[in-house]
Amino acid sequence: PSADLTLDPHFTVGAVNRRLFGSFVEHLGRCVYDGIYEPGHPSADPEGFRTDVMELVRELGVSAIRYPGGNFVSGFRWEDSVGPREERPSRLDLAWHSTESNEVGLDEFAGWLEKVGSELMYAVNLGTRGVLEAVDVLEYANIRSGTTLSDARIKNGRVDPHRIRMWCLGNEMDGPWQLGHRNAEDYGKLASQTAKAMRQLDGDLELVVCGSSNASMPTFGSWEHTVLRHTYDDVDYISCHAYYEERDGDAGSFLAVATNMDHFIESVVATADTVRAELGRSKRINISFDEWNVWYNTRFHAEEQITDIERWPTAPRLLEDSYSVIDAVVVGNLLISLLKHADRVTSASLAQLVNVIAPIMTEPGGPAWRQTTFFPFAITSRLAVGDALEVRLTGDTYTTALYGEVPLVDAVATHDPATGRSAVFLVNRSLTEATTVTVDVARLGAVAVLETHTLTDDDIYAANTLADRERVGVGPNESAAVADGHLTVSLPPVSWTAVSLG
Ligand code: AHR
């Protein structure tokens, strides 16, 4: 099989926003406790944060990190999580049937973000709380001093405001599982009131309104339309969430899930632009794809759930998916989908960061390691700089049970006018055959191959585990070569590849 594409630095989709490489830390399972935070660990710093995890987070190249949930946030009282630790209450977390100690809260997490060099994206509780609590946490976080809540922050040892720019107006409010779930009318009104109040306090915010929890929700489309009719003037982004998994051994469909993400993004853009036309506005609403990943959700639901109220554990092992080669290829492909829509997807969060459906795993008292999905994320975050380019791809196709006929190869490219460097990101979805890709790079000028990385393995279900932490990695792709204005590269079956040119 083969595929061809042409790159032209003049044909851009849009600038790649660094926020596309965001992630998500929820108070869920061992993401925070025994994940980023483990005071007794040999690598813990004076604040109790694991420095081995911090190093991996930096290497992953994560921009904004969404916090503190997730479903957790809809039962969360933000004020429980600040102030002297010994006075913080323990609470039952209704979303995950766990006990939350509140040992780590807003101030500690903001301090951790400074250490790893990432930005805070904070979600307010619009499930069981409302406008006043949202304004209160904003006052605590962003007002310099001179008010009760800003002075409380200073007393708690955080003299400078956190200056949080990105705020999520609740989480997955379309989902019946969400505490305080509302219909689109009711949520739209609440989100509009909350956004207006928050902007009265701080005029320099970027606000994300909840879109659909996935594209298969029965309200998908109408939810976005109704919510945006209420909030169009108040918000900057609408969220999308999507998780994918291989079902019933159908690897062919699983490898093509990025076509579903493409469809999801394009549908939400169309709906947002419809509301724009209806209201006669010039501003555009962009997408914050603030939860996306591979998640073996059906396995999680098949497990015994924690129900006995007397034994809601602290930091249980929940949603600890072990990712394989095929999962990493899919994650690489989902990044390609996000980049292909860089004009409208200007923020995204890989859900989540540590232990919980995560690229980084830890063992209490033991090591931290990279899952297979770490590699495509880290490399794409490092190399996808500048503008995303329009990529017209022709090539062989295959037929899937879930998505019909799809291309065997998917690809996107970026070009950085500042350095003249470009990068091409590719996946080969064939289960059996290598595919040769020819890329016309003549319009990029005289370029050479700077770096190549391919993730593949004879065993597509191989994974990195505690017992074998470096079983899967990335290696150079020796086939990549530029001659006569064309890059040729051979992609092994079920593989993800990045080529940097300059
Ligand atoms: O990321 C895990 C969960 O998935 C989040 O808490 C929720 O928002 C989504 O359903």
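Visitor: Where is S479 found, in terms of the strands around it?

Guide: In this predicted model, S479 sits in a loop that runs between β22 (449-455) and β23 (481-483).

Visitor: How do I read its surroundings: is S479 buried, exposed or partly exposed?

Guide: The idea is to count C-beta atoms within 10 Å: 20 or more makes a residue buried, and 12 or fewer makes it exposed. S479 has 16 such neighbours inside 10 Å, so it counts as partly exposed.

Visitor: Which residues does S479 touch, leaving out those up to four places away in sequence?

Guide: It touches V489 and S490. S490 is 11 residues from S479 along the chain, and their C-alpha atoms are separated by 5.9 Å.

Visitor: Let's step back. How many helices and strands does the chain have?

Guide: The chain has 11 helices and 25 strands.

Visitor: And what does the radius of gyration say about the chain?

Guide: Here you compare the value with that of a compact globule. For 502 residues that would be near 23 Å, and the chain has 22 Å, so the two agree. The C-alpha atoms fill a box of roughly 70 × 60 × 45 Å along the principal axes, and 50% of the 502 residues count as buried.

Visitor: What share of the contacts with a separation of 6 or more comes from residues 24 or more positions apart?

Guide: Such pairs make up 77% of those contacts in the chain.

Visitor: Which domains does the domain assignment give?

Guide: Domain 1 covers 17-359 and domain 2 covers 392-501. Their C-alpha centres lie 30 Å apart. Where they meet, 22 residues of domain 1 are in contact with 26 of domain 2.

Visitor: Which helices supply at least two residues each to the side of domain 1 that touches domain 2?

Guide: Those are α7 (251-254), α8 (257-279) and α10 (325-340). The largest share, 10 residues, comes from α10. By class, that side of domain 1 has 12 nonpolar, 8 polar and 2 charged residues.

Visitor: What does the UniProt record list for residues 290-495?

Guide: An unreviewed UniProt entry lists them as "domain: Alpha-L-arabinofuranosidase C-terminal". In the model, this stretch is 16% helix and 35% strand, with its end C-alpha atoms 25 Å apart.

Visitor: Last one: which residues surround the ligand?

Guide: The ligand is surrounded by E26, G69, G70, N71, N171, E172, S213, E291, A351 and Q352. Sorted by class, this shell has 1 nonpolar, 6 polar and 3 charged residues.

Definitions and conventions. Residues numbered from 1 in each chain as written. Predicted model: local features only at pLDDT ≥ 70, side-chain atom pairs only at ≥ 80, totals over all residues. Near = placed C-beta within 6 Å. Nonpolar A, V, L, I, M, F, W, Y, C, P; charged D, E, K, R; others polar. UniProt positions renumbered as here; feature names shortened; annotations may be inferred. Helix = DSSP H or I, 4+ residues; strand = E, 2+ residues; numbered from the N terminus. Domains from an automatic or database assignment. Contact = placed C-beta atoms within 7 Å. Rg over C-alpha atoms; globule rule 2.2 N^0.38 Å.
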